[in-house]
Amino acid sequence: MNYEDDMSYDAIFDQLGSEEESSMRKEWVNGANFFIRANNDTQLFFERMSEKLAHWYTPDMGIMIQQCHTWKKPVCAYIPHNVVYSWEWMFTEQKDPPYLMQLDCETDGGSKLMQLGRYGFHFVNPDGSCNERNVAMAKQKMENGTVEVKMTKTLPSWGRLQFKAYWYIVDYMLWTPIIGEYIKPYLAMIGFILMITI
């Protein structure tokens, strides 16, 4: 997609939220897929992130969000949701399938690969070779918006419930007039405090 040829930014990241204009988490770095142009500004960006991670209990993407939203350089940009999307895409109307999908929480206690297999995205034959038929079927499901995501007949996974509650609280905080715009660059760094854990 030639993102590396666009010189209007120094770093381009995948993002949280959704393609809707009203998404409060739009332009929040997801941190799974990104392209970084090597220069002094981007080197400083990651050096500072490393220093913060050495002394703070915070997610790396929280620091990336804070630095992208408060530093003038490096210039950050965001990959459109129809190119890279989080696992949340599967729980939408499944329009405009992304080329890449980040599967963070929807694992229900197993591995990401096991979870993808449950959704019909198992591409490896027992001998380790590529199962081209399964690849074609998965591609068709994505294009048709027919990925079946129900884990059980009644309840979503614990991980998904946690993230839905967390995102609801975060969106509400960011939506709050005046305060929301001021906390947006910093909330992800302390968001783990809001997480419900067992």
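Is phenylalanine 121 buried or exposed? At 9% relative accessibility, phenylalanine 121 counts as buried, because the cut-off for a buried residue is under 20% relative accessible area. The model described here is a predicted one.

**Aromatic rings**

A search through the whole structure turns up seven aromatic pairs. One of them joins phenylalanine 45 and phenylalanine 46 in an edge-to-face arrangement, with 5.1 Å from centre to centre and 70 degrees between the planes. Phenylalanine 45 counts as buried, with 2% relative accessibility, whereas phenylalanine 46 is partly exposed at a relative accessible area of 25%. Another pair is made by phenylalanine 121 and phenylalanine 123, whose ring centres are 6.2 Å apart. The planes of phenylalanine 121 and phenylalanine 123 stand at 40 degrees, so this pair is tilted. Phenylalanine 123 has 32% relative accessibility and therefore counts as partly exposed. Ring pairs also connect Phe13, Phe34, Phe45, Phe46 and Trp71 into a cluster.

**Salt bridges**

The structure holds three salt bridges.

| Partner | Partner | Distance, N to O |
|---|---|---|
| Arginine 25 | Aspartate 171 | 2.9 Å |
| Glutamate 51 | Arginine 48 | 3.3 Å |
| Glutamate 93 | Lysine 95 | 3.9 Å |

The salt bridge between arginine 25 and aspartate 171 links distant parts of the chain, with the partners 146 residues apart. Arginine 25 sits in the loop between S1 and strand S2 (29–36), and aspartate 171 belongs to helix H5 (residues 158–175). Arginine 25 is buried, with a relative accessible area of 6%, while aspartate 171 counts as partly exposed at 23% relative accessibility.

Glutamate 51 and arginine 48 both lie in helix H1 (residues 40–55). They are three residues apart, which is about one turn of the helix. Glutamate 51 is partly exposed, with a relative accessible area of 42%, and arginine 48 is partly exposed as well, with 32%.

What is the nearest side chain of opposite charge to aspartate 10? That side chain is arginine 37, 5.1 Å away. Aspartate 10 is buried yet has no salt bridge, because a salt bridge needs a side-chain nitrogen of Lys or Arg within 4 Å of a carboxyl oxygen. Aspartate 10 is found in the segment before strand S1 (11–15). A polar atom of the aspartate 10 side chain lies 2.8 Å from the backbone nitrogen of valine 75.

**Surface and an approach between distant residues**

Which residues form a nonpolar patch on the surface? The patch consists of Met1, Tyr99 and Leu100, which together have about 380 Å² of accessible area. Tyrosine 99 is found in the loop between strand S4 (84–86) and strand S5 (100–102). With 64% relative accessibility, tyrosine 99 counts as exposed, because the cut-off for an exposed residue is over 50%.

Proline 98 and glutamate 143 are 45 residues apart in sequence, and their C-alpha atoms are 9.3 Å apart in space. Glutamate 143 lies in helix H4 (residues 132–144) and is partly exposed, with a relative accessible area of 47%.

How values were computed:
Residues are numbered from 1 along each chain as its sequence is written. This is a predicted model: local features need pLDDT of at least 70, side-chain atom pairs count only at pLDDT 80 or more; totals for chains, interfaces and linings use all residues. Side-chain values use heavy atoms; hydrogens and water are left out. Patches are made of residues with over 30% relative accessible area and no salt bridge: like charges are joined within 9 Å, nonpolar side chains (Val, Leu, Ile, Met, Phe, Trp, Tyr) within 5 Å. Accessible areas come from the Shrake-Rupley method with a 1.4 Å probe; for residues, only the protein chains shown count as cover. Helices (H or I, at least four residues) and strands (E, at least two) are DSSP runs, numbered from the N terminus. Buried means under 20% relative accessible area, exposed over 50%, partly exposed in between (1.4 Å probe, protein chains only). Rings of Phe, Tyr and Trp (its six-membered ring) pair if their centres lie within 6.5 Å; planes under 30 degrees apart count as stacked, over 60 as edge-to-face and the rest as tilted. Lys and Arg count as positive and Asp and Glu as negative; His and the chain ends are not counted. A polar contact is a pair of N or O atoms within 3.5 Å; within protein, one must be able to donate a hydrogen and the other to accept it, and residues adjacent in sequence count only if both atoms are side-chain atoms.
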